[in-house]
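Dear colleague,

Please find below the structure that I am handing over to you.

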Amino acid sequence: REAELKGVSAIILAAIPAGPGKIKIGTGVFGQSVGFVFEATYGLALGSLDLRFGLRSTELMSAIDDKDRSLGHLGWMDSVMALGINF
């Protein structure tokens, strides 16, 4: 296929700390589709820096590409690396 998923995402997330780990669960709109996000990360504190590694899974209920073709249920998994600064 020569089509793309395009659009703006708006997600409501709930973060649950679990020791050095963190779990995020969310729902929202991804382009024209409703979807869900689940993320699990593990963090290391390096002074005032917070370095986190983990995985994120995204599921769309009824994805539509830029050619207006329905892709049905669509999901993917990403690796996550985040760097934060604590004040």
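Valine 29 is in contact (heavy atoms within 4.5 Å) with Val8, Ser9 and Ala10, leaving aside its neighbours within four places in sequence. The residue belongs to strand β2, residues 21-30; strands here are DSSP runs of E, at least two residues long, numbered from the N terminus. Between the C-alpha atoms of valine 29 and isoleucine 11 there are 6.5 Å, although 18 residues separate the two along the chain. Valine 29 counts as partly exposed because its relative accessibility is 40%; buried means under 20% relative accessible area, exposed over 50%, and partly exposed in between, with a 1.4 Å probe and protein chains only.

Please bear in mind that this is a predicted model, in which local features need pLDDT of at least 70 and side-chain atom pairs count only at pLDDT 80 or more, while totals for chains, interfaces and linings use all residues. Residues are numbered from 1 along each chain as its sequence is written, and side-chain values use heavy atoms, with hydrogens and water left out.

Turning to strand pairing, β3 and β4 are antiparallel and share 12 bridges; two strands pair if DSSP finds at least two bridges between them. Phenylalanine 36 has glutamate 59 in β4 as its bridge partner. The hairpin of β3 and β4 has 2 residues between the strands, and in this hairpin glycine 47 adopts a positive phi near 70°. β4 is also joined to strand β5 (residues 70-85) by 14 bridges, again in the antiparallel sense. Across that pairing, arginine 56 stands opposite aspartate 78, and alanine 63 has glycine 72 as its bridge partner. In the hairpin of β4 and β5, with 5 residues between the strands, aspartate 68 has a positive phi near 60°.

Glutamate 39 lies in strand β3, residues 33-46, and counts as buried because its relative accessibility is 9%. Its side chain makes a polar contact of 3.5 Å with the side chain of arginine 56; such a contact is a pair of N or O atoms within 3.5 Å where, within protein, one must be able to donate a hydrogen and the other to accept it, and residues adjacent in sequence count only if both atoms are side-chain atoms. Beyond four places in sequence, the contacts of glutamate 39 include Lys22, Ile23 and Val80.

Arginine 52 is located in strand β4 and is classed as buried because its relative accessibility is 12%. Its side chain makes a polar contact with the side chain of threonine 41 at 3.1 Å, and a polar atom of the arginine 52 side chain lies 3.1 Å from the backbone oxygen of proline 20. Among the residues in contact with arginine 52, beyond four places in sequence, are Gly21, Tyr42 and Met81.

Finally, the largest pocket holds about 190 Å³ of space. A pocket is an open set of points on a 1 Å grid over the protein atoms alone, where a 1.4 Å probe fits, with protein on both sides within 12 Å along at least five of seven lines; lining residues have an atom within 4 Å of a point. Its lining has 15 residues, with Leu5, Lys6, Gly7, Phe30 and Gly31 nearest the centre. Strand β4, residues 49-64, supplies the largest share of the lining, 3 residues.

With kind regards

Terms used
Helix = DSSP H or I, 4+ residues; strand = E, 2+ residues; numbered from the N terminus. Points joined across faces, edges and corners; volume = space filled by probe spheres on them.
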